[in-house]
Amino acid sequence: LWKIRFLKHSHGFLKPEVEEICSALVLGTRDYVLKNGFSKVVLGLSGGIDSALTAVIAARALGPQNVVGVLMPSPYSSEGSVQDSLVLAKNLGIETVTFPIEKVMKAYNQTHVKVFKGTEYGLAEENLQARIRGNLLMALSNKLGWMVLATGNKSEYSVGYCTLYGDMAGGFAVIKDVPKIWVYKVSRWVNDKEEIIPESIITKAPSAELRPDQKDTDSLPPYDLLDPILLQYIEEDKSVEEIKVPGLSAADVKRVAKLVDASEYKRRQGPPGVKITPKAFGKDRRLPITTGRKNK
């Protein structure tokens, strides 16, 4: 299902699809940023593979001197994530800025203390971290004239595993049409001749790091199982009953499909990005912004 294909060009040689995707992301990012009057971009570096690949694309599109990576560690950020981000930035030759957000988190929590009294720490507090980061990046954009690049991938956008006005904030979402499995494939291809993206970024378990020991699989099926569902439901327009993925039950498939449907209103508020699949959100897959049903 996920085998790399080779595309034949008019000049005679075969080009791997991962290279084709990378070239499209670079070209699309360069055109969008420059044609909208920006010369420099800024993005959050989390130590994860999505922000790493986005930084690589940005550096190739605009030159490393025109890319700024911002580290915004919280108390839940691992030391490894911070170090991985710094190594990535050094490998790319991009500037970095660090804004620890713990004090800002405490200020937000203090502001909400009366209204939130009697409730448990949960999703609202986790999302506040993402929104603090989004605000910091947008402040740099407003003050210094840099376009903010959002770093979410298609798998996350599909199921709503992203935060409105947080990690979705920005002027352009470089990899929003790249499924997570392909994020890994393209990242491996980037490292084919030399290690640009630290190997630890590629091999670590995906995590938003918004609470202790958090993993993406706490909320979602593993991406090698999730992406085949999304491929069949979004790209191939199969019904929930038609989708079959070894290792997942019909109930798992139904839950993922409900997440996709319920997240349409989020995607409508996100920035545009490069189209690399046959059916990109907002352009090719047009559905009502509401589903008219309760999500149980």
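## Strand 4

Val 67, Gly 69 and Leu 71 of strand 4 point one way, Val 68 and Val 70 point the other way, and all are buried. The model in which this is seen is predicted. In a regular strand, side chains alternate between the two faces of the sheet. Strand 4 is mostly covered, with five of its five residues buried.

On one side, strand 4 (residues 67-71) is joined to strand 5 by four bridges, and the two run parallel. Here Gly 69 stands opposite Thr 96 of strand 5. Strand 3 (residues 41-44) is also joined to strand 4 by four bridges, again running parallel. Leu 43 has Gly 69 of strand 4 as its bridge partner.

## Helix 2 against helix 7

How do helix 2 and helix 7 pack? Helix 2 (residues 49-62) and helix 7 (residues 180-190) meet at an angle of about 50°, and their axes are 10 Å apart. The two helices are therefore oblique to each other. Helix 2 passes helix 7 in a left-handed crossing.

From helix 2, the contact is made by Ile 49, Asp 50, Leu 53, Val 56 and Arg 60. Helix 7 contributes Lys 180, Val 183, Tyr 184, Val 186, Ser 187, Trp 189 and Val 190. Eight residues of this contact are nonpolar, one is polar and three are charged.

## What covers helix 7

The buried residues in helix 7 are Lys 180, Ile 181, Trp 182, Val 183, Val 186, Ser 187 and Val 190. Among the elements that cover them are helix 1 (17-35), helix 2, helix 6 (154-159), helix 8 (199-203) and helix 9 (223-235). Val 183 and Val 186 are among the buried residues, and both also take part in the contact with helix 2.

## Ile 289

Ile 289 lies in the segment after helix 11 (264-267). Ile 289 has a relative accessible area of 43% and is partly exposed.

Apart from neighbours within four places in sequence, Ile 289 is in contact with Glu 264, Tyr 265 and Arg 268. Pro 198 is 91 residues away from Ile 289 along the chain, and their C-alpha atoms are separated by 39 Å.

Methods. Residues numbered from 1 in each chain as written. Predicted model: local features only at pLDDT ≥ 70, side-chain atom pairs only at ≥ 80, totals over all residues. Heavy atoms only, no water. Axes fitted to C-alpha atoms, helices over the stretch in contact; angles between N-to-C directions. Parallel < 35°, antiparallel > 145°, perpendicular 65-115°, else oblique. Left-handed = near helix turned anticlockwise from the far one by under 90°. Contact = heavy atoms within 4.5 Å. Nonpolar A, V, L, I, M, F, W, Y, C, P; charged D, E, K, R; others polar. Pairing = 2+ DSSP bridges. Buried < 20%, exposed > 50% of the residue type's maximum accessible area, 1.4 Å probe, protein only.
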